[in-house]
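Please walk me through the side-chain contacts and the surface of this protein. Keep it brisk, and give the cut-offs.

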Amino acid sequence: MGLWKKKVELGEKGTEKKTLTPREPFIDLLIHDLSGPLSIVSSSVTSLLQKTERYGPLTEAQRKVLERIARNTLRAQLLIQEIIEITRSMEGLFQKEYFPVDKVIRESILEVLEITGFEGVETLYGMDYGEEFKRFLQSYGIYVDVGGKWCHTPFCHDPKKIQQILRNLISNAMKYRRTRVDLFVGGEEELLIMVKDDGRGIPLENQEIIFQRFKRLREKRDSEIPGLGLGLAGVKALIEAMAGEITLESKEGMGTCFRVRVPPFTP
């Protein structure tokens with residue numbers, strides 16, 4: 001395990017050169033000033049939900065409101081973590097680590113189900129990743145298949161960044177699906193990820209737009225689906241910084257399939 005900096009821009013006489021853009025201090029300030037308050041909100045809501053003997057019993061309506069606050073606080077915390085990971089990747093900073101792929105899959109799915117408020121997700125927390133876990137996921141319409149080398153061999157890269165990629169793609173598929181999401185992870189040399197939904201699909205002329213920051217398809221049918229247009233743009237930037245590639249296949253009325261390849265980490 002270790003922290004490696006893969007990309008270093010060299011200036012004159014071989015010295016390291018770094019250009020500080022105006023947005024970098026803003027991002028640092030944003031992360032610093034939001035992380036603390038969100039942590040306080042999260043711990044306070046958790047105390048109200050779990051320590052009723054100290055703070056008093058909750059009505060069902062109060063519990064639902066607090067659970068909603070907890071979910072949205074977690075969503076905000078994950079967004080900040082994503083900003084950190086993308087910023088680190090653009091600096092060429094990666095945590096080199098061998099990790100089991102199935103563990104990252106499990107954590108990614110649990111995060112998605114937690115922030116979207118699926119009932120019964122607590123049951124999954126008590127399960128190890130395995131056939132029982134995958135069968136339970138099918139009740140949510142999520143079908144998982146892990147094959148190839150990485151089914152039994154640890155993958156070498158930054159697990160937080162792989163988890164971020166999976167979480168975003170699964171979350172996106174859950175938003176736009178009709179009833180089903182398929183996740184496949186495999187490969188023999190590179191890590192291959194496929195996330196497919198059975199939703200309404202994306203017209204060919206709009207398929208490049210979804211990878212652009214702050215761009216969303218302006219269709220009435222999708223107006224109720226939350227989002228800022230940052231998730232897929234961030235995923236693409238992250239994957240490219242990892243020397244990987246993301247592609248999509250989609251047709252109107254026939255769903256969307258994202259394919260990702262990530263080579264193992266080499267310093």
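The report below covers salt bridges, aromatic pairs, surface patches and one backbone angle.

This is a predicted model, in which local features need pLDDT of at least 70, side-chain atom pairs count only at pLDDT 80 or more, and totals for chains, interfaces and linings use all residues. Residues are numbered from 1 along each chain as its sequence is written, and side-chain values use heavy atoms, with hydrogens and water left out.

**Salt bridges**

Side chains of opposite charge can pair when their charged atoms come close. Here a salt bridge means a side-chain nitrogen of Lys or Arg within 4 Å of a carboxyl oxygen of Asp or Glu. The whole structure holds nine of them. The table lists some.

| Salt bridge | N to O distance |
|---|---|
| R167 and E111 | 2.7 Å |
| D158 and K161 | 2.9 Å |
| E131 and K134 | 3.3 Å |

R167 and E111 link distant parts of the chain. R167 sits in helix 7 (residues 159–176), E111 in helix 4, and 56 residues separate them. Helices (H or I, at least four residues) and strands (E, at least two) are DSSP runs, numbered from the N terminus. R167 is buried, with a relative accessible area of 6%. E111 has 17% relative accessibility, so E111 counts as buried too. The terms are set as follows: buried is under 20% relative accessible area, exposed is over 50%, and partly exposed lies in between (1.4 Å probe, protein chains only).

E131 and K134 both belong to helix 6 (residues 131–138). They are separated by about one helical turn because they are three residues apart. An α-helix has 3.6 residues a turn, so residues three or four places apart point the same way. K134 is buried at 16% relative accessible area. D158 and K161 are both buried. Shared partners also join E190, E245 and R261 into one salt-bridge network.

**Aromatic pairs**

Rings of Phe, Tyr and Trp (its six-membered ring) pair if their centres lie within 6.5 Å; planes under 30 degrees apart are stacked, over 60 edge-to-face, and the rest tilted. The structure has four aromatic pairs. Y129 and F133 make a tilted one, at 5.7 Å centre to centre with 50 degrees between the planes. Both Y129 and F133 are buried. The rings of F136 and Y140 have centres 5.9 Å apart and planes at 55 degrees, so this pair is tilted. F136 is partly exposed at 26% relative accessible area, whereas Y140 is buried at 8%. F99, W150 and F155 form one aromatic cluster.

**Surface patches**

Patches are made of residues with over 30% relative accessible area and no salt bridge; like charges are joined within 9 Å, and nonpolar side chains (Val, Leu, Ile, Met, Phe, Trp, Tyr) within 5 Å. Which residues form the negative surface patch? They are E60, E67, E119 and E122. E119 lies in the loop between helix 4 (101–115) and helix 5 (121–125). With 74% relative accessibility, E119 counts as exposed.

V41, V65 and I69 form a nonpolar surface patch, with about 210 Å² of accessible area together. Accessible areas come from the Shrake-Rupley method with a 1.4 Å probe. V65 is in helix 3 (residues 60–90).

**Helix 8 and A243**

The buried residues of helix 8 are L232, A233, G234, V235, L238, I239 and A241. Just after helix 8 comes A243, with a positive phi of about 65 degrees. A243 is a residue other than glycine. A243 lies in the loop between helix 8 (231–241) and strand 7 (245–250). A243 is partly exposed, with 45% relative accessible area.

How values were computed
Lys and Arg count as positive and Asp and Glu as negative; His and the chain ends are not counted. The place of a charge is taken as NZ of Lys, CZ of Arg, CG of Asp or CD of Glu.
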